[in-house]
Amino acid sequence: MNLFTDIRVLVIDSLKAMQDAGELPAGLDFGHVAVEPPRDPAHGDMATNAAMVLAKPAGRKPRDIAEALSTRLSGDARVSEASVAGPGFLNLRLADAEWHRVLRAALHQRADFGRSDLGGGRGVNVEYVSANPTGPLHVGHTRGAVFGDALASLLDFVGYDVTREYYINDGGVQVDVLARSVYLRYLEAHGQAVAFEDGTYPGDYLVPVGQALKEEVGDAYVGQPEAVWLAEVRDFATDRMMRLIREDLAALGVTMDYFYSEKSLYGTGLIEEAIRALDEKGLIYEGVLEPPKGKKPEDWEPREQTLFRSTEHGDDVDRPIRKSDGSWTYFAPDIAYHYNKISRGFDELIDVFGADHGGYVKRMKAAVSALSDDRVPLDIKLTQLVKLYKDGKPFKMSKRAGTFVTMRDVVDQVGADVTRFVMLTRKNDAPLDFDFDKVLEQSKENPVFYVQYANARVHSVLRKAREAGIEVDDAVLGAAELSRLTHDMQITVAKKVAEWPRLVEIAGRTHEPHRIAFYLYDLASELHALWNRGNDEPALRFLQEDDAAASQAKIALARAVTVVISAGLGILGVTPVEEMR
RNA sequence: GCACCUGUAGCUCAGCUGGAUAGAGCGCUGCCCUCCGAAGGCAGAGGCCCAAGGUUCGAAUCCUUGCAGGUGCGCCA
């Protein structure tokens, strides 16, 4: 249940009744009528802008509409008070029973509390990570992986049919470089001295791959020209790298539904088909691009290339899809890949890219817009850089100096749960500071700890209640005398719980999973505040050993909080803990 | 030169399809914390929401222009 949408229905029904009574003209658009929590809780529990939105079309003064609406809403048992304020806001105060109803819903629906039908079962494809298969995942990939995975879970929670997908860039020259690098390690495994020049990957992680290649083919490739081994070694190496990447993802708790290979596009005619589809729309032509202004490549000279008229779909300049030698640019298979996603019937597409791909957004959107005739929206989320800190000091990464920080390094040091939560404590558009020490601190300034601690505190109460012989199963708690919960701080916590379904929809609509992390921190804060008050006012403590009924009511509130924390952490991919260690 | 992202308290950042007196953590100030649920609690100070125009009953939020920082810009992917 979502109390905000329930009350909005009530408001709309009242407005319709006013139309029937001739107090409002027919044919009004209620689409902009909103029911929201007011910024200042002193104003009430909910506020509606109905009077202000409808004043002009209805030809009446906002305050007059608000007064009339106020009279009708006051007649509903759920509304304890309705008052007109400011330019025409209608503030509503709800009966305590409404908050109790929310708690019961949370205890009854548990993991499903807050689920929504926003997506209406529509298919959405979330493509994320998509790192080149040339080495292990690093910190930058980690943020994209966590973000994409949480977004996918979030969309699932709000009613989408979600596919998680990884695009393997195994078709470009970078996998040839990988193959040559592995070949060097292979020669090394045969006892030869090798040198890693510029343009090869010197990382140690290829040592076992070279060794494995030796075990696979013996000395068959030693002393042979590239033509003999390149294709074979390339396949072998990319396969090994993808195994490595899958292990990295698994360590972070990320599981993909599909891995889509760029290489598999070649030779199937799909690229040609996608380009033909664009050509049929008159969007493909042979032409010469203007040189880029400012930073001009040194060897720039005008060339005729095959171009995609992406400017027709919002891009700044048209984009080449063939190099001057006639081979495809990277963009061409990517067009084909998105063409494939469209043809697989997805209703919405989401790409999660690193910030360095920002320049790629417009052309990709242009391609999808053109190929789908604007039927399939593509949202591209860019994740900004992660800056690493060690004890407050910046931690420089350098491949050359060997201080290259991999995803595995991070997960091994702080754990997958902490990594995931911290990566979501900033919106994707903002750079993120990640301090190896601070994320493990046990204090209020560490949101991961604070949320987990709230959860653990509630579970501690549940354990102690059972020891005291008080039944605290959810079914029992759901039937508890919640009318005993009347204290302001208790109602405040219940109100925060009631915001969860609304928050989830907002996060889902905006594709912003970080909102969940921030909300969970707020929710945890409210619980801690109530808990702390128990120090001064023993009557507010959750466990009242001599009064089972009172305990059950209070614990029902606490349990509802952990229901939401568990669901929220679940979306973020973080395991809720029941005990702090 | 152009495009995209960012600009909110001393610092790091939230801010809901535009809503009322703009929030949190840290830091700062004051009080509380021998035990009874303190890996602390309560309260307070602190703002020209980068700037200037515009749209609107109403703008941190939308539009335009400018400023500052970051990222990117044909034969790399």
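**View 1. Four strands of the predicted model form an open sheet**. The strands lie in the order E1-E2-E4-E3, and their pairing is antiparallel. At the edges are strand E1 (35-36) and strand E3 (79-85), each of which pairs on one side only. Strands of a sheet pair through backbone hydrogen bonds, either parallel or antiparallel.

**View 2. Strand E3 pairs with strand E4**. Strand E4 covers residues 89-94, and six bridges join E3 and E4 in the antiparallel sense. Within this pair, Ala82 stands opposite Leu92 of E4.

**View 3. Helix H1 packs against helix H3**. Two packed helices are described by the angle between their axes and the distance between the axes. For H1 (residues 3-20) and H3 (residues 62-74), the angle is about 115° and the axes are 10 Å apart. H1 and H3 make a right-handed crossing. On the H1 side, the contact involves Leu10, Ser14, Leu15, Ala17 and Met18; on the H3 side, Ala68, Leu69, Arg72 and Leu73. Seven of the residues in the contact of H1 with H3 are nonpolar, one is polar and one is charged.

**View 4. Helix H6 packs against helix H7**. The axes of H6 (residues 173-189) and H7 (residues 207-217) are 7 Å apart, at an angle of about 65°. Because of this angle, H6 is roughly perpendicular to H7. The crossing of H6 and H7 is right-handed. H6 contributes Val182, Arg185, Tyr186, Glu188 and Ala189, which meet Val207, Val209, Gly210, Gln211, Leu213 and Lys214 of H7. The contact of H6 with H7 has six nonpolar, two polar and three charged residues.

Note on methods:
Residues numbered from 1 in each chain as written. Chains lettered and ligands numbered in written order. Predicted model: local features only at pLDDT ≥ 70, side-chain atom pairs only at ≥ 80, totals over all residues. Pairing = 2+ DSSP bridges. Helix = DSSP H or I, 4+ residues; strand = E, 2+ residues; numbered from the N terminus. Axes fitted to C-alpha atoms, helices over the stretch in contact; angles between N-to-C directions. Left-handed = near helix turned anticlockwise from the far one by under 90°. Contact = placed C-beta atoms within 7 Å. Nonpolar A, V, L, I, M, F, W, Y, C, P; charged D, E, K, R; others polar. Parallel < 35°, antiparallel > 145°, perpendicular 65-115°, else oblique.
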